[in-house]
Amino acid sequence: MSSSRDFAAKGTFAPPASAAGVTSPEEDERFMAEALAVGRTGLGRTWPNPSVGAVVVQHGAQGPQVIGAAATAPAGRPHAEPQALAQAGEAAAGSTLYVTLEPCSHHGRTPPCADAVIAAGVRRVVVAVEDPDQRVKGRGIARLRAAGIWVSAGVGAEAALSDHAGHIRRVTEGRPHVLLKLALSADGKAGLAGPRPAVITGAEARVRSHMMRAHMDAILVGIGTVKADDPMLTCRLEGCEARSPVRLVLDSALELPLDSALVRTACDVPVWVIGAEDADAGREAALAELGIEVLRVPRGRGGRLYLPAVVKLLGMLGITRLMVEGGPAVASAFLADGLVDELALFSSPVVLGADAVDAFAGRPPHHLLSPVGFAEVERTDLGADQLVRLWRR
C-alpha cells in the first residue's frame, strides 16, 4: 500500500538571491508555514478537492511583505492560488508565491492554476509537495519552469504531506484518509454495557475532539453507537457549528431509529446510512423520505458490511478525510482490515468498572498505545486526560 509520504516534490530548483529576492532558507520555511496555516482553515470544507494554502510575498525596501493569502474556497473552488493572486493584484508581478500543493495544470471546473501564476508575472514559486493526481503529477511545476519561473520544491513537505493526506490517499488508493478516534477509561474500557452512554473524557478533551470533527469531511459510527448514545455527531464549538462533517452510520439492516437525533437533524447536516445490498427496501424508502441518503455495499465475513467497499465508495463520492468515532466493534474492524491511517487515543483517569465494554475484545489496553505499524506523533495533556496521536508508518 502506498504511503502519502512518497509524494514530496523531489529536489530544489532555486535561483540566486539576486534573481528571486529570497535571501535564506529560513525565509522560505517561514512563509511556507504561513501558507500551511492558511490552508488548514479549509480542512473539511473543500472536498473532493484538497484544502490548499497560498501566500504571495513581494520583496521591497521594507523587506518581504505578504500581499495576498488564500485557501481553497468551500466546495473546492475557486482554488487558493488565483484568489491569493487576485488579492495581490498588479503587485504580484515579480513576487514569490508559496503554495502547499503543486499548482494544477489541467482544465477542470476552473482553469489551470499554473496559467494564472504565469499570467500574474510571478517570478518564483515555492511548492511544498507534488500533486500525485495523474492529471497534474509534476506537470504544473514543469509548466511554470517552462515559462521561466524559478521553482523550489519540497519546502515544508512533511507538514504538507500530513495536511494533504486525504487528497493524496484518495487519488492514489481511491479511499479517504481514515482517522480512528477512541476514548479509553483508566481500566481500558470504551463504554458501558447495554444502551447506556458513558462520559469518559473531560471538557478539554471534548474541545479537541470537536476541533478534529471540524477538520473532517465525514464522521462515521456504527448503528450500535447510535442506539446506545443517540449522538448528534456535529461540531458544537462556538463559531464552528457550520463546519459539521457529513454524518455516516454503518447500518447493515437499515435499523436507524426514525426518531433519532440524526434523523431529526438530517435537513441541517447530511446523514448517509450505509446498508447491506440485501437490506429491506421499505426501510430505505422510510429513511429517504426523511432526508437520509442510503448507500449499499456488500457484506463481508460474519455478515458484517465489507469495510474496504465502504471506504472505496466514500472515495468515489469525494470524501477525503474520514473520522471513525464508533464503538469497539467498529474500531476493531477498521484496524483488522488495515484501514486506519491515524489514531487519536484519549485516555482518562475515569474507571468504568469490570462490567463495562473493553476497548478491543481480546486485546490488552497497553497494545492500543503502541499498535504495530504506527508511530507516535503527539502526546498532549488535556486537563486530567491525555491525547496520544499515532500515524501508520
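Modeller: Two strands pair if DSSP finds at least two bridges between them. Helices (H or I, at least four residues) and strands (E, at least two) are DSSP runs, numbered from the N terminus. This is a predicted model, where local features need pLDDT of at least 70 and side-chain atom pairs count only at pLDDT 80 or more, while totals for chains, interfaces and linings use all residues. Residues are numbered from 1 along each chain as its sequence is written, and side-chain values use heavy atoms, with hydrogens and water left out.

Biologist: What makes β16 and β17 a pair?

Modeller: Eight bridges join β16 (residues 374–382) to β17. Pairing needs at least two, so they qualify. The two strands run antiparallel. D381 has Q386 of β17 as its bridge partner.

Biologist: Why is β17 called largely enclosed?

Modeller: Six of its eight residues are buried, so the rest of the structure largely encloses β17. Buried means under 20% relative accessible area, exposed over 50%, and partly exposed in between (1.4 Å probe, protein chains only).

Biologist: Which sense does β17 (residues 385–392) take against β14?

Modeller: Antiparallel, over six bridges. L343 stands opposite L390 in β17, and F346 stands opposite L387.

Biologist: What does H177 touch?

Modeller: Leaving aside residues up to four places away in sequence, its contacts include R169, T320, R321, D341, E342 and W391. Contact means heavy atoms within 4.5 Å.

Biologist: Why is L250 called buried?

Modeller: L250 has a relative accessible area of 11%, which is under the 20% limit, so the label holds. L250 lies in β10 (residues 246–250). Among its contacts beyond four places in sequence are L307, V310, V330 and F334.

Biologist: Where do V330 and F334 belong?

Modeller: To α13 (residues 328–336), where P328, V330, A331 and F334 are buried. Seen down the axis of α13, these buried residues fall within an arc of 165°, so they line one face of the helix. The arc is that of the directions from the helix axis to the C-beta atoms. Just after α13, G338 has a positive phi of about 65°.

Biologist: What makes α12 mostly covered?

Modeller: Seven of the ten residues of α12 (residues 307–316) are buried. They include L307, V310 and L314. Just after α12, G318 takes a positive phi of about 100°.

Biologist: Why is A75 called partly exposed?

Modeller: A75 has a relative accessible area of 44%, which falls between 20% and 50%, so it is partly exposed. A75 also has a positive phi of about 75°, although it is not a glycine. It is found in the loop between β3 and α3.

Biologist: What about K137, buried or partly exposed?

Modeller: At 38% relative accessibility, K137 counts as partly exposed. Its phi is near 40°, a positive value in a residue other than glycine. K137 is found in the loop between β5 (124–129) and α5 (139–146).

Biologist: Where are the cis peptide bonds at P48 and P78?

Modeller: One joins W47 and P48, with omega about 10°. P48 is in the loop between α2 (25–40) and β2 (53–60). Another joins R77 and P78, with omega about -5°. P78 is in the loop between β3 (63–71) and α3 (80–88).

Biologist: How much of the chain is buried?

Modeller: Buried residues make up 52% of the 393 residues. The chain has 13 helices and 17 strands.
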